[in-house]
Amino acid sequence: MKNILEVKNLTKKYRDGDIQVTALDNISFKLQEGHDLAILGPSGSGKTTLLQLAGGLDSMTEGDVIINGQSIKKLSDQEISDFRNKTMGFIFQMINLQSFLTAKENILVPMLILGTPKEEAEEKAKELLEQMNMINRANHLPSQLSGGEQQRIAVARALANNPKIIFADEPTGKLDKKNSELIIDILESLSREKGMSVVMITHDENIAKRFSRIIRLENGIAKKDSNLDNK
Ligand SMILES: Nc1ncnc2c1ncn2[C@@H]1O[C@H](COP(=O)(O)OP(=O)(O)O)[C@@H](O)[C@H]1O
Ligand SMILES: [Mg+2]
């Protein structure tokens, strides 16, 4: 089975004047295509840093991240943003929808950037709105939606270009229990039913347990990979 993600001896050091912080210390793991895993660790353990390096949003100090066979550090800034838009979907705790665009328009943006014909993009947006049970909110602005509804639109946006891999960084951090459950159910089903690879980042043990494998991060060190991958 093909690896969708390979994290190889990944190290990230931040330097602030004389002070150096090792946010990630020689992390390695692999994820097979269509599989899912949770990265579990307390605040400050390096979870967001790992996601930023994987998405080429920040540079690594040492090591590499290979996504769908492509070394991230070998890509130029322009190449990485194209590659990210085509191959990866991101969902964040801070939902960051465009406030002046409707729910549907927010979902259309990544497809139009990629040059998807308007009709095809409209069709896909509709399909995603239906999948998220949000079709009757298509023309609402983010400010007219609840937090849970906004996050469902953000999930739809992340899925718009049929990414190979979804990275979710504490996507339920700002949601109540019911809406958290709903988002986790959706993320779970992406891997179980749609063969998408999912990396769930969380500080919550109960959320992490819903995924097939758990990688524990502490002070930038991967402590243990509970390999329960039984797909
Ligand atoms: N831009 C930065 N400059 C300096 N230190 C940073 C920066 N970003 C994160 N850090 C530090 O790196 C460590 C890991 O942070 P982060 O990856 O955000 O952790 P988490 O997402 O698990 O809460 C923390 O000690 C944090 O203070
Ligand atoms: Mg974080």
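Guide: Two strands pair if DSSP finds at least two bridges between them. Keep that in mind as we look around this model, which is a predicted one.

Visitor: Happy to. Over how many bridges do β4 and β5 pair?
Guide: Strand β4 covers residues 62-67, and Ile-67 stands opposite Gln-70 in β5. A pairing needs at least two bridges. The antiparallel pairing of β4 with β5 rests on 2 bridges.

Visitor: Which strands stand at the edges of that open sheet?
Guide: The open sheet has 4 strands, paired in the antiparallel sense, in the order β2-β1-β4-β5. An edge strand has a single partner, so one of its sides is left without a neighbour in the sheet. That is the case for β2 (19-32) and β5 (70-71).

Visitor: And what angle does the direction of helix α1 make with that of β1?
Guide: Helix α1, residues 47-54, packs on the sheet. The strands touched by α1 are β1 (3-16), β2 and β4. Between the directions of α1 and β1 the angle is about 115°.

Visitor: Let's turn to β6. In which sense, parallel or antiparallel, do β6 and β7 pair?
Guide: Strand β6 spans residues 88-92 and is mostly covered, with 4 of its 5 residues buried. Gly-89 stands opposite Ile-166 in β7. There are 5 bridges between β6 and β7, and the sense of the pairing is parallel.

Visitor: Asp-169 is buried. How far away is the nearest side chain of opposite charge?
Guide: Asp-169 belongs to strand β7, which runs over residues 165-169. A salt bridge would need a Lys or Arg side-chain nitrogen within 4 Å of a carboxyl oxygen, and Asp-169 has no salt bridge. The nearest side chain of opposite charge is Lys-47, and its distance is 6.4 Å.

Visitor: Then which side chain makes a polar contact with Asp-169?
Guide: Beyond four places in sequence, Asp-169 is in contact with several residues, including Leu-51, Ile-91, Phe-92 and Ile-201. One further residue on that list joins Asp-169 side chain to side chain, in a polar contact of 2.7 Å. The partner is Thr-48.

Visitor: Moving to helix α3, is Pro-110 buried or exposed?
Guide: Pro-110 is found in helix α3, residues 103-113. Leaving aside neighbours within four places in sequence, Pro-110 is in contact with Asn-85, Arg-157, Ala-160 and Asn-161. Its relative accessibility is 12%, and the limit is 20%, so Pro-110 counts as buried.

Visitor: What relative accessible area does Asn-179 have?
Guide: Asn-179 lies in helix α6, which covers residues 177-194. Leaving aside neighbours within four places in sequence, Asn-179 is in contact with Gly-148 and Arg-152. Asn-179 is buried, and its relative accessible area is 15%.

Visitor: Now the salt bridges. Which residue meets Lys-164 in a salt bridge?
Guide: The search of the whole structure finds 14 salt bridges. The one with Lys-164 has an N to O distance of 3.8 Å. This pair links distant parts of the chain, 131 residues apart: Lys-164 in the loop between α5 (147-159) and β7, its partner in the loop between β2 and β3 (36-40). Lys-164 is partly exposed at 36%, and the partner is Glu-33.

Visitor: How far apart are the closest N and O atoms of Arg-210 and Glu-181?
Guide: Arg-210 sits in the loop between α7 (205-208) and β9 (213-218), while Glu-181 is in helix α6, 29 residues apart. Arg-210 is partly exposed at 22%, and Glu-181 is partly exposed at 33%. For the salt bridge of Arg-210 with Glu-181, the closest N and O atoms are separated by 3.1 Å.

Visitor: One last stop: how many residues apart in sequence are the parts tied together by Glu-205 and Arg-216?
Guide: The side chains of Glu-205 and Arg-216 meet in a salt bridge of 3.0 Å, N to O. Glu-205 is partly exposed at 33%, as is Arg-216 at 23%. Glu-205 lies in helix α7 and Arg-216 in strand β9, so the pair ties together parts whose separation in sequence is 11 residues.

Terms used:
Residues are numbered from 1 along each chain as its sequence is written. Chains are lettered from A and ligands numbered from 1 in the order in which they are written. This is a predicted model: local features need pLDDT of at least 70, side-chain atom pairs count only at pLDDT 80 or more; totals for chains, interfaces and linings use all residues. Side-chain values use heavy atoms; hydrogens and water are left out. Buried means under 20% relative accessible area, exposed over 50%, partly exposed in between (1.4 Å probe, protein chains only). Lys and Arg count as positive and Asp and Glu as negative; His and the chain ends are not counted. A polar contact is a pair of N or O atoms within 3.5 Å; within protein, one must be able to donate a hydrogen and the other to accept it, and residues adjacent in sequence count only if both atoms are side-chain atoms. Contact means heavy atoms within 4.5 Å. Axes are lines fitted to C-alpha atoms, for helices over the stretch in contact, and angles run from 0 to 180 degrees between N-to-C directions.
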